[in-house]
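Take your time at each stop and turn the view before moving on.

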Amino acid sequence: MLHGPNLNLLGQREPGIYGSLSLAEINRQLEVEGKNLAIEISTMQSNHEGILVDAIHDALGKHQGILINAGAYTHTSVALRDAIAAVNLPTVEVHLSNIYRREEFRHHSYIAPIAIGQISGFGAQSYLLGLQALAYYLRTKCEDKV
Ligand code: DQA
């Protein structure tokens, strides 16, 4: 689970848009959902594009998939998109807010075209839905191979 810029301030940052849960609380919910799904999750947050790029590279050989809320980098970062495309790990993009109901500049995602899917607009639930979708994708894809 990769959390992008400003998401360390969740709970205090524009709660009318992003809700009242802190990042630690969201990570705890992901842990619980991960246990239900028998999935091991590692989480990290960074405000720095290059650190997120490094984390994506580091996922190769360690993790089977990526869940990402890239925050504002969603709308700006060719580097994050290229990193995800380079490691070629199944990636689900999530957003707390519905980015399509907001300002025009949030309507475009550089990540969406290389993600397996996107979940946007369900608050903290977006993360859990995203994790379920990734787990489902990984399991059914593996079954297809047998
Ligand atoms: C966000 C939406 C982005 O547009 C914004 O820059 C964020 C959070 C969301 O989760 O709704 O930082 O990714």
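Select Arg106 and Glu103 and show their side chains: in this predicted model, the two meet in a salt bridge, with 2.7 Å from N to O. Side chains of opposite charge can pair when their charged atoms come close. Taken together, Arg102, Glu103 and Arg106 are linked in a network of salt bridges, and the count of salt bridges comes to two.

Are these three residues buried or exposed? Arg106 counts as buried, because its relative accessibility is 15% and the cut-off for buried is under 20%. Arg102 is likewise buried, with a relative accessible area of 17%, whereas Glu103 has a relative accessible area of 36% and is partly exposed.

Which residues surround the ligand? Arg106 is one of them, and the others are Arg13, Tyr18, Asn69, Gly71, Ala72, His75, His95, Leu96, Ser97 and Ile99. At Ala72, a polar backbone atom is 3.2 Å from an oxygen atom of the ligand. On its own the ligand has 320 Å² of accessible area, and the protein covers 99% of this.

The side chain of His75 reaches the backbone oxygen of His108 at a distance of 3.0 Å, and His75 is buried, with a relative accessible area of 14%.

Now switch to a cartoon view and look for the sheet. In what order do its strands lie? The sheet is open and has five strands in the order S2-S1-S3-S4-S5, with parallel pairing. Strand S2 (44–45) and strand S5 (117–120) are the edge strands, each of which pairs on one side only. Strands of a sheet pair through backbone hydrogen bonds, either parallel or antiparallel.

Select S4, residues 91–95, together with S3, residues 66–69: the two strands run parallel and are joined by three bridges. Within this pairing, the partner of Ile66 is Thr91 in S4, and the partner of Ile68 is Glu93 in S4. If you follow the chain through helix H4 (residues 78–87), you will see that S3, H4 and S4 make a right-handed β-α-β unit.

On the other pairing of S4, with S5, the strands are parallel and share four bridges, and here His95 stands opposite Ser120 of S5. Five of the five residues of S4 are buried, so the strand is described as mostly covered, with buried taken as under 20% relative accessible area.

For the last stop, select Asn88, which is found in the loop between H4 and S4. Phi of Asn88 is near 55 degrees, a positive value in a residue other than glycine. Most residues other than glycine have a negative phi, and most peptide bonds are trans. Then select Asn6, in the loop between strand S1 (2–3) and helix H1 (15–18), where phi is again positive, near 75 degrees, in a residue other than glycine. Which of the words exposed and partly exposed belongs to each of these residues? Asn88 counts as exposed at 63% relative accessibility, while Asn6, at 36% relative accessibility, counts as partly exposed.

Technical notes: Residues are numbered from 1 along each chain as its sequence is written. This is a predicted model: local features need pLDDT of at least 70, side-chain atom pairs count only at pLDDT 80 or more; totals for chains, interfaces and linings use all residues. Side-chain values use heavy atoms; hydrogens and water are left out. A salt bridge is a side-chain nitrogen of Lys or Arg within 4 Å of a carboxyl oxygen of Asp or Glu. Buried means under 20% relative accessible area, exposed over 50%, partly exposed in between (1.4 Å probe, protein chains only). Two strands pair if DSSP finds at least two bridges between them. A crossover is right-handed if, with the strands pointing away from the viewer, the path from the first strand over the helix to the second runs clockwise. A residue is near a molecule or strand if one of its heavy atoms lies within 4 Å of it. A polar contact is a pair of N or O atoms within 3.5 Å; within protein, one must be able to donate a hydrogen and the other to accept it, and residues adjacent in sequence count only if both atoms are side-chain atoms. Accessible areas come from the Shrake-Rupley method with a 1.4 Å probe; for residues, only the protein chains shown count as cover.
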